[in-house]
Amino acid sequence: MTDTQKNDPDLVPTHTTAAAISIARWVAQHYGLPVQQCALIRRGLNDNYAVRSADGTRYVARLYSIRPRGGFNVDFEVALLEHLASKGASVAAPVLTADRRTHVQLQFPEGLRALALFRHAEGATPDTLDEFDLTGRALAHIHEAARDYVGPPSRYTLDGHHLAGRTLAYLKVYPELSEDLLETYRRLVHRLLEELTAAEDGLTRVVCHGDTHGFNNHVNTDAAGTKKTMFFDFDDAGPGFLAYDLSVLPWSYLFRKSLKEPDDALRERWMHYLRGYRAGSGEVSERDMAALPLFVQLRHLWNLGEAAGRLHHWGTNSVPVDWLRKQVDMFEAWKGLDLRT
């Protein structure tokens with residue numbers, strides 16, 4: 001071995017991207033599937049790969065990243081999905097390993113990572129108003145079906161600490177963040193947690209999907225012309241508040257469009273989404289509706305924190321200081337959001 005081939009003792013790996021051929025081999029080895037094709041879909045909070053078996057069946061292999069929140073929640077996620085699928089909920093069902101495990105533990109340079117396999121969700125993200133109606137109905141069914149889940153517990157609860165407290169901890173070690181801006185975020189987190197404490201006793205609690213922003217469910221039209229939707233990516237799921245799960249969709253639109261208040265397109269989509277949720281036997285109380293602006297802000301803090309906590313992987317460019325400063329105005333504007341229909 002030459003000097004250039006030796007491992008540098010000063011090299012500290014923080015995130016490894018596995019080649020698709022490695023994923024294909026692991027799926028074949030641990031799931032007993034003859035893999036015909038495998039390709040990286042995207043690197044994000046986790047690394048996702050499209051897998052096609054020799055018989056043409058499509059899957060998605062998720063290689064979980066090491067996240068600052070703690071251990072993998074995959075046992076809960078897979079058990080929840082199995083329960084939901086057994087109840088007829090529209091979810092991308094998990095595939096157990098050949099020896100009936102929920103996932104595989106793999107040794108990477110940065111540490112142990114989990115690999116899990118799921119059925120592929122055909123179709124595309126919702127776009128038309130009837131598809132947002134359908135999405136709301138499907139989410140209501142998921143919440144209802146999860147009521148009697150009794151499997152492995154979630155490693156975390158989608159509460160104030162999870163949504164806001166962790167973010168503040170990540171910002172405290174963010175490089176070059178001024179004390180003034182950090183103090184602004186301290187006050188913001190304190191305000192939101194006080195509001196949540198005052199409101200939470202009257203709020204509806206559910207098992208949240210946790211990431212219902214409109215891109216984690218696909219709508220597909222079957223041979224008879226009937227549209228159906230399927231939810232996937234439950235890796236942020238856990239017990240929490242209905243108002244949070246509902247708030248993620250309008251937050252996503254506001255965030256992507258840099259809007260301080262809803263435009264006509266969002267209002268239309270939101271009206272159909274909420275109407276679909278209620279038509280699917282989902283009950284939304286007046287207190288849940290009143291809490292939506294609070295949870296839009298908490299969702300924004302959570303999302304900000306997921307990036308701030310992954311500087312070792314994504315870098316400071318994912319949450320630049322100038323951008324962090326601008327978000328203060330967004331939080332202030334979203335205090336007065338009107339999401340009533």
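**Ground rules.** I am working with a predicted model, where local features need pLDDT of at least 70, side-chain atom pairs count only at pLDDT 80 or more, and totals for chains, interfaces and linings use all residues. Residues are numbered from 1 along each chain as its sequence is written, and side-chain values use heavy atoms, with hydrogens and water left out.

**Entry 1: α6 against α9.** I started with helix α6 (residues 242-257) and helix α9 (residues 292-308), which pack at an angle of about 70° with their axes 8 Å apart. Helices (H or I, at least four residues) and strands (E, at least two) are DSSP runs, numbered from the N terminus. Axes are lines fitted to C-alpha atoms, for helices over the stretch in contact, and angles run from 0 to 180 degrees between N-to-C directions. The angle makes α6 roughly perpendicular to α9, a label for 65 to 115 degrees (under 35 is roughly parallel, over 145 roughly antiparallel, the rest oblique). I noted a right-handed crossing of α6 past α9; right-handed means that the near helix is turned clockwise from the far one by less than a right angle, left-handed anticlockwise.

Which residues of α6 and α9 meet? On the α6 side I listed A243, Y244, L246, S247, V248, W251, L254 and F255; on the α9 side, L292, F295, V296, R299, H300, W302 and N303. Contact here means heavy atoms within 4.5 Å. Sorted by class, this contact has 11 nonpolar, 3 polar and 1 charged residues. Ala, Val, Leu, Ile, Met, Phe, Trp, Tyr, Cys and Pro count as nonpolar, Asp, Glu, Lys and Arg as charged, and the others, Gly among them, as polar.

**Entry 2: aromatic pairs.** My search of the whole structure gave 9 aromatic pairs. Rings of Phe, Tyr and Trp (its six-membered ring) pair if their centres lie within 6.5 Å; planes under 30 degrees apart are stacked, over 60 edge-to-face, the rest tilted. One of the pairs is F255 with W323, edge-to-face at 6.3 Å centre to centre and 70° between the planes. This pair links distant parts of the chain, with F255 in helix α6 and W323 in helix α11 (residues 321-334), 68 residues apart. F255 is partly exposed at 29% relative accessibility, and W323 is partly exposed at 24%. For these labels, buried is under 20% relative accessible area, exposed over 50%, partly exposed in between (1.4 Å probe, protein chains only).

I then looked at W270 and Y273, a tilted pair at 6.0 Å centre to centre and 40° between the planes. Both sit in helix α7 (residues 264-279), 3 residues apart, about one turn of the helix. W270 is buried at 2%, and Y273 is buried at 1%. I also logged one aromatic cluster of F241, Y244 and F295.

**Entry 3: positive phi.** R100 is not a glycine, yet has a positive phi of about 70°. I found R100 in the loop between β4 (94-95) and β5 (104-108), exposed at 63%. S281, also not a glycine, has a positive phi of about 75°. S281 belongs to the loop between α7 and α8 (286-290) and is exposed at 62%.

**Entry 4: V207.** Is V207 buried or exposed? V207, in strand β7 (residues 205-208), is buried at 18%. Leaving aside neighbours within four places in sequence, I find V207 in contact with F76, L80, H143, A146, G238, P239 and D245. L181 is 26 residues from V207 in sequence and 34 Å away in space, C-alpha to C-alpha.
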